[in-house]
Amino acid sequence: MAGKFDVIIVGSGSTGGALAARLSENPDLTVLLLEGGPVYSTADEMPQELLAPAIVAAGAPGHPNNWAYMGEVRPGLRIPYPRGKGLGGSSSINGCYYIRGLKDDFDTWVKLGNDEWAFDTVQKYYKRMERDLDFDGDAHGSDGPIPVMREPLDRAPEFTSAFDDGCHALGFGSDPDKNDPRPEGGVGPVPLNIFEGRRIGTALAYLLPATGRPNLTIVGNAVARRVLTEKSRAVGIEAIVDGRPQVFHGDEIVISAGALRSPHLLMVSGIGPANHLREHGVDIVHDLPGVGRHMTDHPMVSAAWDSRLDLVKQPERGAMTSVLHWTDEGSDLEILPFVTKNSDMLGMTDVFARPVQAAKAMRGTSAKAVTRQARALRHAMLGIVVEKQESRGAVTLVSGDPDQLPDLRWNLLSEPQDHVRFRAAIRVAFEIFNSAGLRGIGASIVGLDAKTVGDDKKLDQWAFDRVGGGHPSGTCRMGPASDDQAVVDQHLRVHGIDGLRVADTSIFPTITSRGPNATAMMVGEYLADIMKHEAAH
């Protein structure tokens with residue numbers, strides 16, 4: 001590992017994993033990938049909870065494949081926040097929801113000064129990385145590394161049919177292909193990056209097939225502490241590898257540690273809001289006011305639902321079934337039911353197996369919220385999501401010590417318009433669950449009645465008690481140098497620092513109107529082409 005690398009990438013998640021694999025296709029580029037958690041040589045070495053898409057136990061507090069983050073999602077509610085730790089990052093622990101961003105999303109990026117990220121351009125990379133198992137034609141890829149499938153109706157036929165019928169009864173149309181570049185909106189099956197019962201994140205799709213390349217070095221248990229700079233140029237990474245300090249040198253450094261960790265790494269390296277860094281004793285390398293600011297998410301109200309169906313007898317893994325999308329009150333809204341009553345899927349057995357680690361991870365959390373969540377595990381779940389929120393949060397320093405985790409504040413529902421949007425979404429969900437088909441199977445949303453739905457204040461409180469996030473973005477946002485809040489340019493180069501880029505969901509100028517999993521991987525594909533072109537010229 002001695003010597004200097006052409007490219008050092010910090011983080012093997014959805015963006016970093018795709019980027020490392022694609023860059024190393026060029027045998028003339030030496031690539032070092034640093035991953036803070038364990039790495040694996042084969043899929044057989046990976047824990048089952050990283051492979052089985054229904055098992056999200058790695059998201060449980062205290063799990064070794066989960067960073068021990070704690071965040072305040074809204075005032076008075078602090079909860080453990082799962083982020084993947086290990087080969088594939090969060091793509092190895094997530095729910096495999098795989099829907100592209102919409103044309104309107106990228107039109108907005110262009111309006112904000114990012115014309116190279118126009119919809120027609122990014123579509124090429126979405127298509128390149130996918131192997132759609134259900135649809136073909138010009139809108140889809142057929143030979144990419146990521147398989148895409150939809151849940152068949154027989155996964156939960158009684159519920160899914162009733163849910164679809166309830167959506168249609170309210171006037172919503174059918175949307176069988178959520179990745180069609182011309183979406184109609186409406187209800188349809190969820191695209192998933194699953195194949196033969198396995199979660200296909202960047203570990204299985206990109207990195208394991210590339211591990212034999214002599215120009216790709218992957219180092220696990222390597223926690224980056226600082227970006228090293230000389231005269232406004234990034235020259236390396238200081239890391240702790242298996243408990244020992246080590247320094248790696250490279251011509252190009254790409255931080256791909258996620259929207260929570262990437263801004264933290266920049267700030268402890270002296271790159272960020274100067275006044276904030278001085279408060280914590282960090283020497284200023286470059287003043288970038290936007291680092292850690294403008295955090296946005298897809299706020300989701302998680303509601304339990306029940307019915308007369310014996311869902312335990314459904315196929316053994318839980319399923320995301322049909323999902324409803326529509327636009328109201330200036331925002332894309334989503335209702336996503338999960339069909340499962342298997343609480344072990346959600347990691348409770350794993351929590352009990354690691355009580356000390358779990359207790360440490362949950363220290364400082366809101367006991368009432370954790371109790372409510374535990375009780376809800378007896379039921380199937382319903383996600384009610386506002387895809388375009390007004391509220392903004394921040395990642396800030398607690399200390400200049402790189403080993404001290406940052407302060408994470410989402411500030412969800414801090415803007416009145418977000419309450420308005422949730423009222424609209426919850427009322428639609430309530431109407432769907434009161435449709436003839438769902439009433440016929442005894443379905444209902446637990447704890448939600450007509451009196452609450454009809455009262456704005458009560459409905460706001462109901463949402464406030466159940467809101468959370470899961471898709472942080474925007475903390476190192478992309479934009480031109482004329483935007484004093486932009487952190488990276490269109491080639492994801494950090495403004496004011498040569499040889500340094502950021503590549504993950506933190507660079508999103510605005511959050512996409514669908515979950516970011518597919519878009520995060522697309523960013524890795526796109527940046528790989530940019531960097532290959534630069535290397536050739």
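**Close-up views of a predicted model**

The structure holds 13 aromatic pairs, where rings of Phe, Tyr and Trp (its six-membered ring) pair if their centres lie within 6.5 Å, and planes under 30 degrees apart count as stacked, over 60 as edge-to-face and the rest as tilted. This is a predicted model, in which local features need pLDDT of at least 70 and side-chain atom pairs count only at pLDDT 80 or more, while totals for chains, interfaces and linings use all residues. Residues are numbered from 1 along each chain as its sequence is written, and side-chain values use heavy atoms, with hydrogens and water left out.

**View 1. The stacked pair of Tyr125 and Tyr526.** The two rings lie 4.8 Å apart, centre to centre, with 20° between the planes. Tyr125 belongs to helix H4 (residues 119–129) and Tyr526 to helix H16 (residues 517–536), so the pair ties together parts that are 401 residues apart in sequence; helices (H or I, at least four residues) and strands (E, at least two) are DSSP runs, numbered from the N terminus. Tyr125 is buried at a relative accessible area of 4%, and Tyr526 is buried at 7%; buried means under 20% relative accessible area, exposed over 50%, and partly exposed in between (1.4 Å probe, protein chains only). Both tyrosines belong to a cluster linked by ring pairs, which also includes Phe106, Trp109 and Phe508.

**View 2. The stacked pair of Phe159 and Trp305.** Here the ring centres are 4.3 Å apart and the planes stand at 20°. Phe159 is in helix H5 (residues 157–169) and Trp305 in strand S17 (residues 300–306), so this pair joins parts 146 residues apart in sequence. Both residues are buried.

**View 3. Strands S5, S6 and S8 in an open sheet.** The three strands follow the order S5-S6-S8 with mixed pairing; two strands pair if DSSP finds at least two bridges between them. Strand S5 (130–132) and strand S8 (191–192) are the edge strands, each pairing on one side only. S5 runs parallel to strand S6 (residues 146–150) over 3 bridges, and Arg131 has Pro147 in S6 as its bridge partner. The charged end of Arg131 also sits over the ring of Phe195, 5.0 Å from its centre; this requires NZ of Lys or CZ of Arg within 6 Å of the ring centre and within 35 degrees of the ring normal.

**View 4. Thr229 in strand S12.** Thr229, in strand S12 (residues 222–229), is partly exposed at 26% relative accessibility. Its C-alpha atom is 8.4 Å from that of Ser269, 40 residues apart along the chain.
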